[in-house]
Amino acid sequence: TALPISELCQDLPYNSKSDMWALGCLLYELCELRPAFNAASLVGLIHKIVKGSFMPVSSQYSRLVHSLVSVLLSKSPDERPSAAGILNMSEMRTQLSSFIQHTEASRTSETSSERSQRRSSSRQRHPTPSEKDSVSGSDDYSDDFDDASSSDASGDPVAEAGAGS
């Protein structure tokens with residue numbers, strides 16, 4: 001759902017903090033499957049955005065998700081973090097570190113034969129159509145048809161389109 005940016009609703013200039021607000025809207029909608037701000041009219045929508053009131057995300061989400069949504073949807077652009085600020089949050093760093101460790105563990109648990117099999121299958125090259133035509137022993141069915149006449153599946157002659165009608 002496209003929403004007016006908070007700063008535009010308040011007649012403030014668009015900047016990178018506006019993108020953080022949009023990220024908050026996206027995160028909210030991913031969690032709740034509905035927009036953070038909803039109204040029957042554009043005026044009502046702008047009023048809700050400027051007021052900054054929205055229902056909190058479900059309690060099933062972590063404290064990190066709750067705090068991210070809350071800070072990203074702050075009314076004041078100055079209160080919103082930058083992208084680097086998000087990545088530097090201690091809880092975010094913990095989550096990212098855990099993700100990286102899990103990913104590396106998955107990679108190291110692969111056997112060498114699995115890696116070699118994956119590499120060889122990714123290196124297989126499929127021939128281009130022109131290369132397929134030049135391959136000896138390829139199936140060429142052009143001799144199966146007589147250019148002088150055509151017939152349908154029953155063997156009856158078929159008139160060429162636009163010929164003799």
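This report describes a predicted model of a protein chain, going from its overall make-up to selected residues.

## Overall make-up

The protein chain has 165 residues, of which 19% count as buried. Its secondary structure consists of 8 helices and 0 strands.

Among contacts in the protein chain with a separation of 6 or more, 52% are between residues 24 or more positions apart.

## Cysteines

A search of the whole structure finds 0 disulfides. Cys25 has a relative accessibility of 10% and counts as buried, because that value is under 20%. Cys31, at 13% relative accessibility, counts as buried as well.

## Salt bridges

The count of salt bridges comes to 2. Side chains of opposite charge can pair when their charged atoms come close. One of the two salt bridges joins the side chains of Arg63 and Glu91, with 3.3 Å from N to O. This pair links distant parts of the chain, since Arg63 is in helix α4 and Glu91 is in helix α6, 28 residues apart. Arg63 is exposed, with a relative accessible area of 63%, whereas Glu91 is partly exposed at 27% relative accessibility.

The side chains of Arg34 and Glu32 also meet in a salt bridge, with an N to O distance of 3.7 Å. Arg34 is partly exposed, with a relative accessible area of 34%. Glu32 has a relative accessibility of 18% and so counts as buried, the cut-off being under 20%.

## The loop between α2 and α3

Leu33 is placed in the loop between α2, residues 16-32, and α3, residues 42-51. Its phi angle is near 60°, which is a positive value in a residue other than glycine. Leu33 has a relative accessible area of 75% and counts as exposed, because the value is over 50%.

## Lys48 in helix α3

Lys48 is found in helix α3. At 36% relative accessibility, Lys48 counts as partly exposed. Leaving aside neighbours within four places in sequence, the residues in contact with Lys48 are Phe37, Asn38, Ala39 and Ser53. For one of these contacts, Phe37, the C-alpha atom is separated from that of Lys48 by 6.4 Å, while the two residues are 11 residues apart along the chain.

## The loop between α4 and α5

Ser74 is in the loop between α4, which covers residues 63-72, and α5. The relative accessibility of Ser74 is 11%, so this residue counts as buried. The side chain of Ser74 reaches the backbone oxygen of Val71 at 2.9 Å. With neighbours within four places in sequence left aside, Ser74 is in contact with Trp21, Glu79 and Arg80.

Arg80, one of the residues in contact with Ser74, is also placed in the loop between α4 and α5. Arg80 has a relative accessibility of 2%, so it counts as buried. A polar atom of the Arg80 side chain lies 3.3 Å from the backbone oxygen of Lys75.

## A nonpolar surface patch

Leu87, Leu96, Phe99 and Ile100 form a nonpolar patch on the surface. Together, these residues have about 380 Å² of accessible area. Helix α6, residues 90-108, supplies the largest share of the patch, with 3 residues.

Leu87 lies in helix α5, which covers residues 83-87. The relative accessible area of Leu87 is 48%, so this residue counts as partly exposed. Patches take residues with over 30% relative accessible area and no salt bridge, so the 48% of Leu87 is above the area cut-off.

How values were computed: Residues numbered from 1 in each chain as written. Predicted model: local features only at pLDDT ≥ 70, side-chain atom pairs only at ≥ 80, totals over all residues. Heavy atoms only, no water. Disulfide = S-S within 2.5 Å. Buried < 20%, exposed > 50% of the residue type's maximum accessible area, 1.4 Å probe, protein only. Patch = residues over 30% accessible without salt bridge, like charges linked within 9 Å, V, L, I, M, F, W, Y side chains within 5 Å. Areas by Shrake-Rupley, 256 points an atom, 1.4 Å probe, with all protein chains shown as cover. Salt bridge = Lys/Arg side-chain N within 4 Å of Asp/Glu carboxyl O. Helix = DSSP H or I, 4+ residues; strand = E, 2+ residues; numbered from the N terminus. Polar contact = N/O pair within 3.5 Å; in protein donor to acceptor, adjacent residues only side chain to side chain. Contact = heavy atoms within 4.5 Å.
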